[in-house]
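Subject: The structure, and what turned up in it

Hi,

Here is the structure I said I would send over.

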Amino acid sequence: MKKAAFIFCSALVMGTVLSSVTGCGSLRQGGNVPALKKVFRDEFQVGVAFGTPMLEADQEPARQLVARQFNACTPENEMKWSVIHPEPDRYNFEPADAVVAFAEKHGMEITGHTLVWHLQTPDWVFLDDQGGPASREVVVRRLRDHIHTVMGRYKGRVTGWDVVNEALSNLPGGYLRDSPWRRAIGDDYLVLAYQFAREADPEAKLYYNDFNLEKPDKLASMLRLMDELAAQGIHLDAVGNQGHSHIDYPPAKALDNAIATLSGRGLKINISEIDLSLYSFGDKENRYPNGASREILATQAERYAELFKVFGKHHQHIDRVTFWGVHDGLSWLNFLSEFERPDYPLLFDRDCRPKPAFYALIP
Ligand code: XIL
């Protein structure tokens, strides 16, 4: 951490002690610290993912934090197929409407997430009336109706869409993931999805979103996908690299290389879902039973700083860096079924106080 930041941080710790005596809630919850959206104003938007849990009564401090710190929003689950279109003839717009209304009230640009994914998509989408696999024709029709209905509803309000999420394989030498979409429609489900999205809202920006694009195999697949889409007349407005990171992964250099390679193709790269777990990938231990130590939070701060240094270097090619969650208590990483332990991956702690990682990012 930079020296000045450390002094500021110490002042905040003092402030926290004082605030518990004086009841100075705004200092305790970061009311007096710089706003990320202003700090990075000349580089990129700073976004955040949230959903209806953040609209609950007990999350008022989180809402204040969001209003003050961020200028872009991605609904965390509310626009996914299983939530917004749970049954063939029933759309459920209420949760997404609530998130969109909050974002609009606070002047945040909204990214729709996501129209086509292999997860959080109900089985009925791929089944016929007898429970067997639905025909290609039926699934294509469902895809088109869904994209038109969802994008149509938020036309002019959601500026860009993660049209397809995570279509690439993670297997060495693999290309497209073996997803239910691909099995039902064939490899051209991607082209169809982007065509339907373009029809549904000609003004919207259309993104492709995935993770680990810094891995050489996946980067190669990404380039191939872009070429194949371009050959069919589909030109993406941006690629979203999710950016779910770990205390020891990815190396900044690999990320630097991926952003340079993709932007070299004339594309914008957004960091669409950043967080930074205190655990290595796949580590299932509960390593911080008494909360995150100062040491590990300092290491996390350094890691965030090195990743943001890369984003800063490429800021002309990055429109938006979005954090996947408002504060540590709301992070999805606490709720993954395979890891029954808390994580601390964001810039703000469970009381909405800025962490060392926050101070490492501000001048
Ligand atoms: C996650 C949400 O944060 C969780 O609340 C939900 O239970 C599962 O999905 N990549 C994505 C996001 O594109 O949609 C995922 O969001 C995290 C990984």
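The largest cavity has a volume of about 80 Å³. Its lining is made up of 13 residues, and Glu214, Gly243, Ser245, Pro250 and Leu255 are the ones closest to its centre. Strand S7 (244–246), strand S8 (268–277) and H12 each put at least two residues into that lining. Overall, the structure holds two cavities of 30 Å³ or more. Before you read on, please keep in mind that this is a predicted model.

The largest pocket holds about 1,100 Å³ of space. It has 45 lining residues, and those nearest its centre are Gln242, His244, Trp332, Leu333 and Leu336. The elements giving two or more residues to this pocket lining are S1, S7 and S8.

Now for the aromatic rings. A search of the whole structure gives 19 aromatic pairs. One of them is Phe44 with Phe308, an edge-to-face pair at 6.3 Å centre to centre, with 65° between the planes. This pair ties together distant parts of the chain: Phe44 belongs to the loop between H3 and S1, while Phe308 is in helix H12 (residues 294–313), 264 residues away. Both Phe44 and Phe308 are buried.

Phe308 has another partner, Phe311. Their ring centres are 5.1 Å apart and their planes stand at 65°, so this pair is edge-to-face too. Phe308 and Phe311 are three residues apart in helix H12, so about one helical turn separates them. Phe311 is buried, as is Phe308.

Which residues do the ring pairs link into a cluster? They are Phe40, Phe44, Phe70, Tyr304, Phe308, Phe311, Phe323, Phe348, Phe358 and Tyr359.

You will find it in the loop between strand S9 (320–323) and H13. Is Phe348 buried or exposed? Its relative accessible area is 1%, so Phe348 counts as buried. Leaving out residues up to four places away in sequence, Phe348 touches Leu36, Leu65, Gln69, Phe70, Val326, His327, Asp328, Arg353, Pro354, Lys355 and Phe358. If you want a distance to check on screen, the C-alpha atoms of Phe348 and Gly325 are separated by 9.6 Å, with the two residues 23 apart along the chain.

Two of those contacts, Leu65 and Gln69, bring us to helix H4 (residues 60–69), where the buried residues are Ala62, Arg63, Leu65, Val66 and Gln69. Why do they end up on the same side of H4? They cover an arc of only 160° around the axis, which puts them there. As for what they meet, the buried residues of H4 pack against helix H3 (36–39), strand S1 (45–50), helix H6 (94–105) and helix H13 (356–361).

Last, a couple of charges over rings. Lys218 has its charged end over the ring of Phe211, 3.7 Å from the ring's centre. Arg341 lies over the face of Tyr279, and there the distance to the ring centre is 3.5 Å.

Cheers

Technical notes:
Residues are numbered from 1 along each chain as its sequence is written. This is a predicted model: local features need pLDDT of at least 70, side-chain atom pairs count only at pLDDT 80 or more; totals for chains, interfaces and linings use all residues. Side-chain values use heavy atoms; hydrogens and water are left out. Buried means under 20% relative accessible area, exposed over 50%, partly exposed in between (1.4 Å probe, protein chains only). Helices (H or I, at least four residues) and strands (E, at least two) are DSSP runs, numbered from the N terminus. The arc is that of the directions from the helix axis to the C-beta atoms. Contact means heavy atoms within 4.5 Å. Rings of Phe, Tyr and Trp (its six-membered ring) pair if their centres lie within 6.5 Å; planes under 30 degrees apart count as stacked, over 60 as edge-to-face and the rest as tilted. A charge sits over a ring if NZ of Lys or CZ of Arg is within 6 Å of the ring centre and within 35 degrees of the ring normal. On a 1 Å grid over the protein atoms alone, a cavity is a set of points where a 1.4 Å probe fits but cannot get out, and a pocket is an open set with protein on both sides within 12 Å along at least five of seven lines; lining residues have an atom within 4 Å of a point. Grid points are joined across faces, edges and corners, and a volume is the space filled by probe spheres set on the points.
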